[in-house]
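This briefing is intended for a reader who wishes to examine the architecture of a protein model alongside its sequence.

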Amino acid sequence: MNARTLFLSPRVTATGHALADAARRRAMGVEVLREWRVPEERRAAPGAALYAGPLFADAVAAELGLGLLEAAPDWPARLPYELTHREIEFSTVAEARQLRRPAFVKPPNDKSFPARVYPDGSRLPGPDAVDDGTPVLVSDIVTFAVEYRLFLLDGEVRTGSRYLTHGELDVAPLDEDPRCAEVLAFADRLASEHLPSAVVVDVGLLSESSEWAVVEANAAWASGHYACDAAAALDVVLRAARTEGEFGAADRAFLRPLPEVVRD
């Protein structure tokens, strides 16, 4: 009997349901947490795993005894130009508010404000909404003809999906896409870059130059699977969100800082 349990947030998404079905097929337990706290009897549960959004994960991961892998917040900014084909700067929202040009601005590993093109820095949320020190990625504006989601385990693509074509939702399994071989070849170039052992990376084909480029990195424990194989995606999630003491030295540098949760 599999002793692992996959915990889900109160609002179970389509991906949450797909991962839960895949977990049950492995005789894993599946449990939906109904509140933004972990019942006393389930805290530090042996073999726990988690699939949830960043805010909910921050609220419950420590009580479950979990560590959560994610790419370094400045990872896209440290990539060589030939993998991004645009300038990307790691900064703070206070500095980004000084921008006097259009730019794509996003928080690296959460959703503290919308990730989108801002006409200039004055359109970013003010200090009353977002703390000045909040890290951001500021990117040149590019257009992707088609975008793909890849679940990576130890640098290998375990499963993938097309999800956008010319900015419109267009979902299909990677192995059914005519550009599958090109996507996998580009993903191989990312294996030597500094990533955690379990992560999601989005890549795409640029409209202007027909070059392949990284879109962004995402935490596997919070990423939608689109048309990815749910069982393969679950393999990545189970590595990315597991008991904190199970992580080796190489992955410990990629553990998400968790807030200290004080309960009554």
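**Structural briefing**

In this predicted model, five strands form an open sheet in the order E11-E10-E9-E12-E13, with antiparallel pairing. The edges of the sheet are strand E11 (168–173) and strand E13 (212–218), each of which pairs on one side only. On average, neighbouring strands of this sheet are turned by 25° against each other, direction ignored.

- Strands pair in a sheet through backbone hydrogen bonds, in either a parallel or an antiparallel manner.
- Strand E12 (residues 198–206) and E13 run antiparallel and are joined by six bridges.
- Gly 204 has Ala 213, in E13, as its bridge partner.
- Helix H6 (residues 180–188) packs on the sheet, where it touches strand E9 (144–153), strand E10 (156–165), E12 and E13. The direction of H6 makes about 70° with that of E13.
- Helix H7 (residues 230–240) lies across E9, E10 and E12, and runs at about 60° to E9.

**Leu 150 in strand E9**

- Leu 150 is found in strand E9 and counts as buried, because its relative accessibility is 0%.
- Residues up to four places away in sequence aside, Leu 150 touches Val 157, Thr 159, Gly 160, Leu 174, Val 183, Ala 187, Val 199, Val 200, Val 201, Asp 202 and Val 203.
- Leu 150 and Cys 228 are 78 residues apart along the chain, and their C-alpha atoms are separated by 8.2 Å.

**Cysteines**

- A disulfide is a covalent bond that links the sulfur atoms of two cysteines.
- The structure holds zero disulfides.
- The closest cysteine sulfur to that of Cys 180 belongs to Cys 228; because the separation is 11 Å, the two are too far apart for a bond. For comparison, the cut-off for a disulfide requires the sulfur atoms to be within 2.5 Å.
- Cys 228 is likewise in no disulfide, its nearest cysteine sulfur being that of Cys 180.
- Cys 180 is buried, with a relative accessible area of 16%, and Cys 228 counts as buried at 5% relative accessibility.

- Strand E1 (residues 5–8) pairs with E3 in the parallel sense over four bridges. The bridge partner of Leu 8 is Tyr 51 in E3.
- From strand E3 (residues 48–51), Ala 48 and Leu 50 point one way, whereas Ala 49 and Tyr 51 point the other way; all are buried.
- Helix H2 (residues 54–64) has nine of its eleven residues buried, so the helix is largely enclosed by the rest of the structure.
- The buried residues of H2 are Pro 54, Phe 56, Ala 57, Asp 58, Ala 59, Val 60, Ala 61, Glu 63 and Leu 64.
- These buried residues pack against E1, E3 and strand E4 (66–68).
- Gly 65 follows H2 and has a positive phi, near 75°.

- A search of the whole structure finds one cavity of 30 Å³ or more.
- The volume of the largest cavity is about 70 Å³.
- The lining of the largest cavity consists of Ala 71, Ala 72, Pro 73, Pro 76, Lys 106, Pro 108, Asn 109, Leu 137, Glu 216 and Ala 217.

Technical notes:
Residues are numbered from 1 along each chain as its sequence is written. This is a predicted model: local features need pLDDT of at least 70, side-chain atom pairs count only at pLDDT 80 or more; totals for chains, interfaces and linings use all residues. Side-chain values use heavy atoms; hydrogens and water are left out. Buried means under 20% relative accessible area, exposed over 50%, partly exposed in between (1.4 Å probe, protein chains only). Two strands pair if DSSP finds at least two bridges between them. Helices (H or I, at least four residues) and strands (E, at least two) are DSSP runs, numbered from the N terminus. Axes are lines fitted to C-alpha atoms, for helices over the stretch in contact, and angles run from 0 to 180 degrees between N-to-C directions. Contact means heavy atoms within 4.5 Å. On a 1 Å grid over the protein atoms alone, a cavity is a set of points where a 1.4 Å probe fits but cannot get out, and a pocket is an open set with protein on both sides within 12 Å along at least five of seven lines; lining residues have an atom within 4 Å of a point. Grid points are joined across faces, edges and corners, and a volume is the space filled by probe spheres set on the points.
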